[in-house]
Amino acid sequence: MQGAYAVSIAVLIVAAGRGTRAGGDVPKQYARIGDGPVYCRTIAAFAVLEEISAVQVVIRDGDDGIYWQGLLEAEFTPAQREKIRIPAIGGDTRQSSVFKGLLALASDPPGTPCPKPDLVLIHDAARPFVSAETIRAVIAALGTSPGAIAAVPLADTLKMASDRRTIARTVDRAGLWRAQTPQGFRFDDIFAAHGRAAAAGLKDFTDDSAVAEWAGLDVALVADTPDNSKITTASDLADAERRLAMTTTMEPRTGTGFDVHRFAPGDSVWLCGVEIPHEARLDGHSDADVGLHALTDAILGALGDGDIGQHFPPSDMRWKGAASHVFLADAARRVAERGGRISNVDVTLLCEAPKISPHRDAMRAAIAEILKLDVARVGVKATTTEGLGFTGRREGIAAMASATVMLPA
Ligand code: MG
C-alpha cells in the first residue's frame, strides 16, 4: 500500500486509558459493542482506507492479552492486518502515551523496515464511529495547515457556575468548538512538539492540538458530527449498541433440516426436548431426539455451517447418550457468534404415535428456552403419514424443520 500515495499516513490509536466509567470490568475501549470490542471497530475504520498505510495502537502495560485476543478474533483482510503494527506500551498520561506511540512510529518495527510516516492522525480508541469523510477531511486540511482536528461547533448555551452552583453568567458560545479526534499533523512537527513538551516537564495536555498550540503550530478546525463522540459512560455504551443495531443491515437466511430415528425396545421417547412415555424408545447415539436434531440442522443450514454430524460426530464417545439440547444450544451460539439472531423456527414431526398435541406446548417452551427465543417464534406440529411408509408402519419417527436466521449482510 505504501508508495501508492504521494505522502504516507499513519494513524496512532490511543487505547491506553484505564477508563472504567462505562462500568464492567474492562476499560471502555475493550468493551464489546455489536460483534466485537470497541477498539477493533476503531482500528477497522482506519485500516479499510487505502490512504492509511500504518496503524499504531498504544495500549496500557498489562493489556497485551486482551488486546491480542480481540485483534486475532476480528475480521480483518490480510491487507488490513498487514498495516497493524505491534502495539506500543503507553505511559501515565494520555500525553505520554501519544509520545510513546510517536516514538514507535519513528522507529522500524522488528524485522520490517518501515519509514516514519509523513502525516500522522492521532485518534481515541473510544471513538469507533469516526467516518471516512471525517478522516479524509482532516487529511485534506493537512494539505494547507500543519495541524487539523475534527471538532463540533457548540450548539448548547454555556453557563459559568458560581461557587453555590448557580449561574454566574452565560458564556458566549460564538466561535466555540468541541475538540474530537482524529487530530492530524505533519509527523515531524508533532513529534518534535511532544518531545519538547516532555523535555520541559509538561505532561498534562489533554489532547494533541493543545501540544501543537503550545508549540506554536497552526491547527485548522474541520467540522465533524456528534456521531463521532467518545464512549465514556455506560449510557454511551448502550447508545453505541443501539446505533449499531440500527445501522447494521441484517438479511434473512433460511435453512432446513431432516432426521429419522428408528424405534428400539424401551418405554419413552425424547421429542423436541420433552420425554414422552411410549411403548418404545428411539435408537441413536445421543438421546435420539429427532426433532431437535432436525432443528439443529436447520439452523446450521441457515448459517451455511455444516451439519450436526460434522460438529458432533457419532464416532466421538463424548456424545454417547448426550441430551440433544447441547447440539441445539451450540447452533444458537454459532448464530450469536456471527452477530445474528434467530427469527423463527418450525418443526414438523412425522409419526403415527405417540400423540404429539398434548405435548406441543411443552415442546415449544423447551425449544424457546434452549434458543432463548420468545415462544411465539417457535412452531411445533405433527402429522401421521396415513399408515404409509416406515413411519406409517411405526418403525421410527421422522422430523423436518426450518429456521430463519437474521445475519449481518
Ligand atoms: Mg439424529
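## The sheet and its strands

Let's start in the sheet: strand β7 (residues 147–153) and strand β10 (residues 177–186) run antiparallel and are joined by 6 bridges. Within that pairing, Ala-151 has Ala-179 of β10 as its bridge partner. Two strands count as paired if DSSP finds at least two bridges between them. Strands here are DSSP runs of E with at least two residues, helices are runs of H or I with at least four, and both are numbered from the N terminus.

A quick word on what you're looking at: this is a predicted model, where local features need pLDDT of at least 70 and side-chain atom pairs count only at pLDDT 80 or more, while totals for chains, interfaces and linings use all residues. Residues are numbered from 1 along each chain as its sequence is written, and side-chain values use heavy atoms, with hydrogens and water left out.

Zooming out, β7 and β10 belong to an open sheet of 7 strands in the order β5-β4-β1-β6-β10-β7-β11, with mixed pairing. At the edges stand β5 (88–89) and β11 (219–223), each with a single partner strand, so one side of each has no neighbour in the sheet. Helix α6 packs on this sheet and touches β6 (119–124) and β10, its direction making about 110° with that of β10.

What does β6 pair with? Strand β1 (residues 9–15) pairs with β6 in the parallel sense over 6 bridges, and β10 pairs with β6 in the antiparallel sense over 4 bridges. On the β10 side, Val-120 stands opposite Phe-185.

β6 is mostly covered, with 6 of its 6 residues buried. Buried means under 20% relative accessible area, exposed means over 50%, and partly exposed is in between (1.4 Å probe, protein chains only). In a regular strand, side chains alternate between the two faces of the sheet. In β6, Leu-119, Leu-121 and His-123 point one way while Val-120, Ile-122 and Asp-124 point the other, and all are buried.

## Gly-147 in β7

Back in strand β7, have a look at Gly-147. Buried or exposed? Gly-147 is buried, with a relative accessible area of 0%.

Setting aside neighbours within four places in sequence, Gly-147 is in contact with Leu-142, Gly-184, Phe-185, Asp-218, Val-219 and Ala-220. Contact means heavy atoms within 4.5 Å. Gly-147 and Ala-212 are 65 residues apart in sequence, and their C-alpha atoms are 7.6 Å apart in space.

## Helices α4 and α6

Helix α4 (residues 94–106) packs with helix α6 (residues 187–199) at an angle of about 130°, and their axes are 10 Å apart. Axes are lines fitted to C-alpha atoms, for helices over the stretch in contact, and angles run from 0 to 180 degrees between N-to-C directions. α4 and α6 are therefore oblique to each other. Angles under 35 degrees count as roughly parallel, over 145 as roughly antiparallel, 65 to 115 as roughly perpendicular and the rest as oblique. Their crossing is left-handed, that is, the near helix is turned anticlockwise from the far one by less than a right angle (clockwise would be right-handed).

Where the two helices meet, α4 brings residues including Val-98, Phe-99 and Leu-102, and α6 brings residues including Ile-190, Phe-191 and His-194. The residues of this contact divide into 11 nonpolar, 3 polar and no charged. Here Ala, Val, Leu, Ile, Met, Phe, Trp, Tyr, Cys and Pro count as nonpolar, Asp, Glu, Lys and Arg as charged, and the others, Gly among them, as polar. Leu-103, also in α4, counts as partly exposed at 40% relative accessibility. The C-alpha atoms of Leu-103 and Phe-191 are separated by 7.8 Å, although the two are 88 residues apart along the chain.

Helix α9 (residues 290–303) packs with α11 at about 15°, with axes 9 Å apart. That makes α9 roughly parallel to α11, and the crossing is left-handed. Arg-334, in helix α11 (residues 325–337), is buried at 17% relative accessible area. Not counting residues up to four places away in sequence, Arg-334 touches Leu-300, Leu-303, Asp-305 and His-311.

Finally, helix α1 (residues 38–47) has 8 of its 10 residues buried, so α1 is largely enclosed by the rest of the structure. Among the buried ones are Tyr-39, Cys-40 and Phe-46.
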